[in-house]
Amino acid sequence: MCLAIPGKVAQIEVKEGIRSGRVQFGGISRLACLDFVPEVKEGDYVMVHVGFAISVVDKEEAERTYALLESMGLLESELAADEAAPAES
Amino acid sequence: MKYLDEYRDARIARALAAEIRRRSSRPWVLMEICGGQTHTLMRYGIDELLGDSVDLVHGPGCPVCVTPLEIIDRAINLARRPDVTLVSYGDMLRVPGSDTDLFHVKAEGGDVRIVYSPTDAVNLARTLPDRKVVFFAIGFETTAPAHAMTVLQAERFGLKNFSLLVSHVLVPPAIRMLLGSPKNRVQGFIAPGHVCTVVGCRDYEDLVREFRVPIVVGGFEPIDLLEAIRMLVLQLEEGRVELENQYVRSVQYEGNRPAQEAIARVFESADRKWRGIGSIPESGLFLKPSYASFDADRLFDLADICAQEPPECISAEVLLGHKKPTDCTAFGTRCTPDKPLGAPMVSSEGACAAYYQYKRHLVTL
């Protein structure tokens with residue numbers, strides 16, 4: 001129920017006073033109401049829940065977090081190398 | 001897909017799990033509130049990846065599971081009326097009411113429609129002016145702004161044939177009740193990232209201060225959850241008690257202001273009954289008196305419909321994190337997704353359904 005999926009806002013339109021956007025989720029696109037994200041621009045990513053965008057994905061924060069996580073991935077390969085090395089007696 | 005695939009990277013997941021196992025000196029008891037998060041944990045086998053470094057218990061964050069039996073009965077009552085079109089999310093159709101479910105009412109000729117978005121229900125009311133269209137509005141704070149918006153849209157379009165059957169619940173009062181219980185053993189919480197996307201973090205900061213319990217706002221992908229668990233374990237090992245936000249790409253401290261304004265315009269809070277758990281103070285949202293003309297409970301005189309829970313189902317214990325689904329004697333035998341005793345076996349977010357779907361029953365049978 002509380003799931004929200006990230007999608008890219010391809011096109012913004014206003015119809016009967018409601019601001020909505022065509023949002024691409026991989027190969028699928030759907031209309032989503034953009035009234036809760038007035039700052040959104042075409043090309044931004046939004047989190048969509050039951051047809052409503054509830055946030056604009058913060059690109060810099062996402063990349064910063066991911067870079068941090070990636071460095072942990074490297075850490076793992078170092079650990080693996082440690083485990084593979086013969087134990088010192 | 002961007003912002004999904006990278007948070008499912010097995011290499012990073014293994015590194016995070018190794019770090020958690022290394023840093024954890026005892027099996028810390030952690031609870032994820034949201035049923036969506038429960039499913040991610042089970043689907044990707046994160047609990048197995050972590051071994052006994054943490055004990056993951058599952059919280060009450062499944063709106064389908066906590067919708068009281070009598071509200072299901074009210075929805076069934078509405079769906080049987082010849083002049084009503086009942087519109088619902090798909091998950092609600094198989095949830096057992098006292099004597100049947102919406103799926104069977106639909107099969108018997110009741111006009112029950114499934115939608116993806118509540119705006120589809122508003123559109124239906126516009127295209128079917130002779131039908132009384134009732135939307136079954138269940139959910140937590142994440143969904144409340146969308147439901148508020150349908151009322152505002154219906155008002156703007158001058159619709160007289162649209163109403164909501166509201167069963168809205170709020171997360172912080174439920175956490176407060178869990179932490180106040182003498183049976184509580186949870187030492188840290190993963191707060192629901194999309195609820196916080198809407199309402200922000202302030203209420204959770206208050207809980208951290210009041211109960212001296214670490215809370216990390218977490219996302220929904222495997223890497224998000226592992227990262228949130230790591231942050232909780234580090235707090236517990238270092239003796240810190242803080243509110244931290246793992247899900248920074250979606251959650252801002254203040255939350256989403258326009259969404260909060262929509263909720264505040266249409267809804268007000270009051271005590272609400274949770275299925276299997278009972279009444280929790282100030283834990284529900286109800287339509288304000290100024291929007292009474294959109295309130296199905298008042299329009300159709302449904303308040304007298306009450307119900308008793310079936311005794312065998314231990315869903316209350318599961319929803320409170322006191323027991324796991326596999327502790328139930330009916331699990332996987334007398335209770336399955338095809339023939340559920342309780343809602344947690346039906347919902348795509350229910351803990352019992354998660355254990356069943358990802359084959360945990362095979363271990364215990």
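This is a predicted model: local features need pLDDT of at least 70, side-chain atom pairs count only at pLDDT 80 or more; totals for chains, interfaces and linings use all residues.
**Figure 1. Secondary structure and burial in chain A.** Chain A contains five strands and one helix. Their order along the sequence is β-β-β-β-β-α. Chain A has 89 residues, of which 35% count as buried. Of the contacts in chain A between residues at least 6 apart in sequence, 26% connect residues at least 24 apart.

**Figure 2. The contact between chains A and B.** On one side of this contact are 43 residues of chain B, and on the other are 32 residues of chain A. Seven helices of chain B, namely α1 (10–23), α4 (63–66), α7 (118–127), α8 (144–156), α10, α12 (222–238) and α13 (257–266), each supply at least two residues of the side of chain B that touches chain A. The most is given by α1(B), with seven residues. By residue class, the side of chain B that touches chain A comprises 24 nonpolar, 11 polar and eight charged residues.

**Figure 3. The six-stranded open sheet of chain B.** The strands of this open sheet follow the order β4-β3-β5-β6-β11-β10 in chain B, and their pairing is mixed. The edges are formed by β4 (112–114) and β10 (267–274) of chain B; each has a single partner strand, so one side of each lacks a neighbour in the sheet. From one strand to the next, the twist averages 25°. Within the sheet, β6 (residues 162–169) of chain B runs antiparallel to β11(B), and two bridges join these strands. B:H168 is placed opposite B:L285, a residue of β11(B).

**Figure 4. Helix α5 of chain B against the strands.** Helix α5 (residues 69–79) of chain B lies across β3 (84–88), β4, β5 (132–139) and β6 of chain B. Relative to β3(B), the helix runs at about 140°. Nine of the 11 residues of α5(B) are buried, so the helix is largely enclosed by the rest of the structure. The buried residues of α5(B) are B:L69, B:E70, B:I71, B:I72, B:R74, B:A75, B:I76, B:L78 and B:A79. They pack against the strands β3, β4, β5 and β6 of chain B, and also against the helices α6 (102–107) and α14 (296–299) of chain B.

**Figure 5. The buried face of helix α9 of chain B.** Helix α9 of chain B spans residues 171–180, and B:V171, B:A174, B:I175 and B:L178 in this helix are buried. The buried residues of α9(B) line one face of the helix, because they fall within an arc of 100° when seen down its axis. Among the elements of chain B that cover these residues are the strands β1 (28–34), β2 (54–61), β7 (188–192) and β11 (278–287). The cover also includes the helices α10 (193–199) and α11 (202–211) of chain B.

**Figure 6. The contact between the two domains of chain B.** Chain B is divided into domain 1, with residues 1–299 + 308–313, and domain 2, with residues 315–364. Taken over C-alpha atoms, the centres of the two domains of chain B are separated by 18 Å. Contacts link 28 residues of domain 1 of chain B with 21 residues of domain 2 of chain B. On the domain 1 side, α2 (35–43), β2 and α4 of chain B are the elements that give two or more residues. Of these, α2(B) gives the most, with six residues. The residues on the domain 1 side divide into 15 nonpolar, seven polar and six charged.

Notes. Residues are numbered from 1 along each chain as its sequence is written. Chains are lettered from A and ligands numbered from 1 in the order in which they are written. Helices (H or I, at least four residues) and strands (E, at least two) are DSSP runs, numbered from the N terminus. A residue is buried if 20 or more other C-beta atoms lie within 10 Å of its own, exposed if 12 or fewer, and partly exposed in between; C-beta atoms are placed from the backbone. Two residues are in contact if their C-beta atoms, placed from the backbone, lie within 7 Å. The arc is that of the directions from the helix axis to the C-beta atoms. Ala, Val, Leu, Ile, Met, Phe, Trp, Tyr, Cys and Pro count as nonpolar, Asp, Glu, Lys and Arg as charged, and the others, Gly among them, as polar. Two strands pair if DSSP finds at least two bridges between them. Axes are lines fitted to C-alpha atoms, for helices over the stretch in contact, and angles run from 0 to 180 degrees between N-to-C directions. Domain bounds come from an automatic or database domain assignment.
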